[in-house]
Every structure is written in structure tokens, then in C-alpha cells.
Amino acid sequence: MSQKAEAIIINPKHIGSSFNSFLSENLTEEEIKVIHAKAKLLGEIIAARQELQLTQKKLEAMSGIKQPMIAKIENGNVNPSLDSLLRLLVSMGKTIKVVPI
């Protein structure tokens with residue numbers, strides 16, 4: 001484990017502090033931007049699925065991606081491939097657009 005990761009895990013000074021201050025004290029600005037961009041993308045995927053009133057199981061049938069993997073993707077527990085993201089999005093009539101942060 002890196003020293004940075006160890007500091008994040010065992011540093012008790014963050015108990016009771018805000019999540020944003022925790023991030024800014026332990027991560028670079030670029031790392032924070034990536035976290036926010038990932039959260040926004042995952043939120044958009046979940047919103048698209050819910051807007052279409054799809055269960056994860058129905059999305060599995062449409063995209064070919066297994067429901068447990070869809071759950072992991074939506075929870076941010078895995079880093080899906082671009083192919084997997086596009087399979088999910090295209091099956092819901094969506095795509096990815098590159099825009100300024």
C-alpha cells in the first residue's frame with residue numbers, strides 16, 4: 001500500500017470533517033476531478049435506466065451485460081471498459097459526449 005493510501009486510511013484527523021475537505025487534503029485536483037466526473041457519469045447511467053423504467057435485469061437482457069456487473073458499475077465498485085459503458089448506454093438510446101469540465 002502506498003504511503004498516501006496509508007495516510008488516508010489511518011489518519012484520524014478526518015473524523016468529523018467534511019468529505020470535500022478530506023478529498024482536498026489527500027488528493028490532487030486532477031484526482032478530485034476524476035472522482036466527480038465518474039460520479040456524474042454513473043449518476044447519468046442510473047438516471048437513464050430509471051427514466052426508461054428499466055430494472056437492472058431488463059437492462060441485462062437489452063445490453064448483454066450481466067445484472068451483477070450492472071450493479072457493480074452503478075455502485076462504482078468496478079471500472080468498466082469503454083465497450084461495457086457503450087453497450088449499456090446504446091441499449092438505452094444514449095451515448096457518451098465529451099464536454100468541458
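Which residues of helix α2 are buried? In α2, which spans residues 19–26, the buried residues are F22, L23 and N26. Because they cover an arc of only 95 degrees around the axis, they fall on the same side of α2; the arc is that of the directions from the helix axis to the C-beta atoms. A residue is called buried under 20% relative accessible area, exposed over 50%, and partly exposed in between, with a 1.4 Å probe and protein chains only. Helices are DSSP runs of H or I with at least four residues, strands are runs of E with at least two, and both are numbered from the N terminus.

The structure is a predicted model, in which local features need pLDDT of at least 70 and side-chain atom pairs count only at pLDDT 80 or more, while totals for chains, interfaces and linings use all residues. Residues are numbered from 1 along each chain as its sequence is written, and side-chain values use heavy atoms, with hydrogens and water left out.

A salt bridge is a side-chain nitrogen of Lys or Arg within 4 Å of a carboxyl oxygen of Asp or Glu. A search of the whole structure finds 7 of them. One joins K33 to E30, with the closest N and O atoms 3.9 Å apart. Both K33 and E30 belong to helix α3, where they are 3 residues apart, or about one turn of the helix. K33 counts as partly exposed, at 32% relative accessibility.

R49 pairs with E74, and here the closest N and O atoms are 2.7 Å apart. This pair links distant parts of the chain, since R49 is in helix α3 and E74 in helix α5, 25 residues apart. R49 is buried, with a relative accessible area of 10%, and E74 is buried as well, with a relative accessible area of 10%. What else does R49 touch, leaving aside its neighbours within four places in sequence? Besides E74, R49 is in contact with L54, T55, Q56, L59 and M92, where contact means heavy atoms within 4.5 Å.

The loop between α3 (29–51) and α4 (56–63) holds Q53. The phi of Q53 is near 55 degrees, a positive value in a residue other than glycine. Most residues other than glycine have a negative phi. Q53 is exposed, with a relative accessible area of 68%.

D83 and R87 are separated by about one helical turn because they are 4 residues apart in helix α6. D83 is partly exposed, with a relative accessible area of 47%, and R87 counts as partly exposed at 34% relative accessibility. After α6 comes G93, whose phi is positive, near 75 degrees.

On a 1 Å grid over the protein atoms alone, a pocket is an open set of points where a 1.4 Å probe fits, with protein on both sides within 12 Å along at least five of seven lines; lining residues have an atom within 4 Å of a point. The largest pocket has a volume of about 660 Å³, a volume being the space filled by probe spheres set on the points, which are joined across faces, edges and corners.

Which residues lie nearest the centre of the largest pocket? Among the 21 residues that line it, these are A37, K40, L41, K97 and V99. Both α3 and α6 (82–91) supply at least two residues of the lining, and α3 gives the most, with 10 residues. By class, the lining has 13 nonpolar, 1 polar and 7 charged residues. Ala, Val, Leu, Ile, Met, Phe, Trp, Tyr, Cys and Pro count as nonpolar, Asp, Glu, Lys and Arg as charged, and the others, Gly among them, as polar.

A37 is placed in helix α3 and is partly exposed, with a relative accessible area of 40%. The C-alpha atoms of A37 and I101 are separated by 8.1 Å, although the two residues are 64 residues apart along the chain.
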